[in-house]
Amino acid sequence: MKLSLGCIADDYTGASDLANTLTRQGLRTVQTIGVPPDDLTLPEVDAVVVSLKSRSIEAGLAVDRSRAAEKWLRGRGAGHVLFKICSTFDSTDAGNIGPVMDALRADCGEKIVLVTPAFPETGRTVYQGNLFVGAVPLNESPLKDHPLNPMHDSNLVRVLARQSRGKVGLVDLATLARGVDAVRGRLADLAGGGVGAAVIDAVFDRDLETIGRVALDHRLSVGASGIGLGLARALVAAGKVTSGSAGAVSGAAVGGPAACLAGSCSQATLQQVANAEKSMAVLRLDPERIVAGPDEARRALAWANAHLGDSPILIASSSTPDQVAALQSRHGRDAAGHAIEQAMAEIAEGLVRSGVRRLVVAGGETSGAVVDRLRIPGFLVGEEIAAGVPVLRAVGTATGEMLLALKSGNFGGPDFFSDALRLIR
Ligand code: ADP
């Protein structure tokens, strides 16, 4: 297998978002959880997105993990690697974007790297190197108060220069507007002057296409899902991928019993759980009993085994904000959250033991706990059930074929669970 595009994402949700963007552009895409083992068998795909948890860890560790991911991707023929960062450029002056970029650039012997977190369709634009979040510069946006990576400077040339050992330059919008050759010329000039990274402006979606075309001349780029979209469109335009295959992921039915787990307490999920009662058997867990010990998970599995069959089941820990607050005040927020996540993971493991191969999970952290427990190394990304929530086909699992949907709290319409099961067959 020869990958057209390799991606290294610095967090899981960013990786999912990118994988979904690439799939929507027609690339057959696998998202892996961490750097996959060398013997992972992959279906024929155009792109692999390796999800790391390296955004807010110590820079040296982020560099090591990213280099291991790059080695894996290059080993599968990836000519171009995108280092996927957050579209708000989350990082402190001590890391991690600059050091990872420097290390990957050195490893692949690239002279100059294009950098842009722009994604105009989601309100992230870059002008004269300044990142805007909606109508305001980054340093006036809510990101100025981010608990881990507060952003006090909107000028990315300056931000990156403080993190990188190399020189950082700018390709401005006027140059970009003159087209790919103008951008290529500017990059050659910058590289000739010893500049190793060029922040590039982008204000409109079409700018991403120019950027994608030029980025493919190089071995590495740095950016968010926007540049991923540009790279994907450039690959499709160059005939390097076969467009339009997302439907194939959910195409082949897996069959057998189906189950849903809800650990999210978001407004949307509460509504979705209530609606699911019309079409499936629903068990509401007692959060207090979950925190008390393993009996509640056992009770849930006994209930599941009695109800699994032709129609799907749903097991939910979801409660209203008042109930959540009361539980947290008794046990602490982290302890309560962790206990419930682990109980959900335990239940998921038991369901799979009972033959479930179609699984829908609501809640970001809940999904992470479930995927870790099931030891799923990666997913082939399929068509969207709702905006941002694709059907996933597990790859490299010991249990064989499995279809999943992993939903962050607020995603999906009121009938999300039955919508998901219509595609997860
Ligand atoms: P979302 O995507 O909506 O943020 P997450 O799964 O990421 O959902 O987070 C929900 C958190 O709330 C998890 O840690 C989960 O274990 C916890 N949780 C689930 N049910 C309850 C409950 N009834 N009371 C308190 N915490 C809960």
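Colleague: How do the residues lining the second largest pocket divide into nonpolar, polar and charged?

Modeller: The lining has six nonpolar, 11 polar and five charged residues, where Ala, Val, Leu, Ile, Met, Phe, Trp, Tyr, Cys and Pro count as nonpolar, Asp, Glu, Lys and Arg as charged, and the others, Gly among them, as polar. This is a predicted model, in which local features need pLDDT of at least 70 and side-chain atom pairs pLDDT 80 or more, while totals for linings, chains and interfaces use all residues. Residues are numbered from 1 along each chain as its sequence is written, and side-chain values use heavy atoms, without hydrogens or water.

Colleague: What volume does that pocket have?

Modeller: The second largest pocket has a volume of about 460 Å³, and of the 22 residues lining it, Gly263, Cys265, Val324, Gln328 and Gly337 are the closest to its centre. A pocket here is an open set of points on a 1 Å grid over the protein atoms alone, with protein on both sides within 12 Å along at least five of seven lines, and lining residues have an atom within 4 Å of a point.

Colleague: Which helix gives the most to the lining?

Modeller: Helix 14 does, with six residues.

Colleague: And where does the ligand sit?

Modeller: The ligand sits in the second largest pocket, meaning that more than half of its atoms lie within 2 Å of the grid points. Helix 13 (321-331), helix 14 (333-353) and helix 15 (364-373) are the elements that each give two or more residues to the shell around the ligand, helices being DSSP runs of H or I with at least four residues.

Colleague: Which residues come nearest to the ligand?

Modeller: Of the 17 residues around the ligand, those are Ser264, Ser319, Glu341, Glu365 and Thr366, and a residue counts as near if one of its heavy atoms lies within 4 Å.

Colleague: What lies 2.7 Å from a ligand oxygen atom?

Modeller: That is a polar side-chain atom of Ser264, whereas a side-chain N or O atom of Ser319 is 2.6 Å from a nitrogen atom of the ligand.

Colleague: Changing topic, how many cavities of 30 Å³ or more does a search find?

Modeller: The search of the whole structure finds one, and the largest cavity holds about 40 Å³ of space. Among the residues lining the largest cavity are Asp10, Arg55, Phe83 and Asp90.

Key
A polar contact is a pair of N or O atoms within 3.5 Å; within protein, one must be able to donate a hydrogen and the other to accept it, and residues adjacent in sequence count only if both atoms are side-chain atoms. On a 1 Å grid over the protein atoms alone, a cavity is a set of points where a 1.4 Å probe fits but cannot get out, and a pocket is an open set with protein on both sides within 12 Å along at least five of seven lines; lining residues have an atom within 4 Å of a point. Grid points are joined across faces, edges and corners, and a volume is the space filled by probe spheres set on the points.
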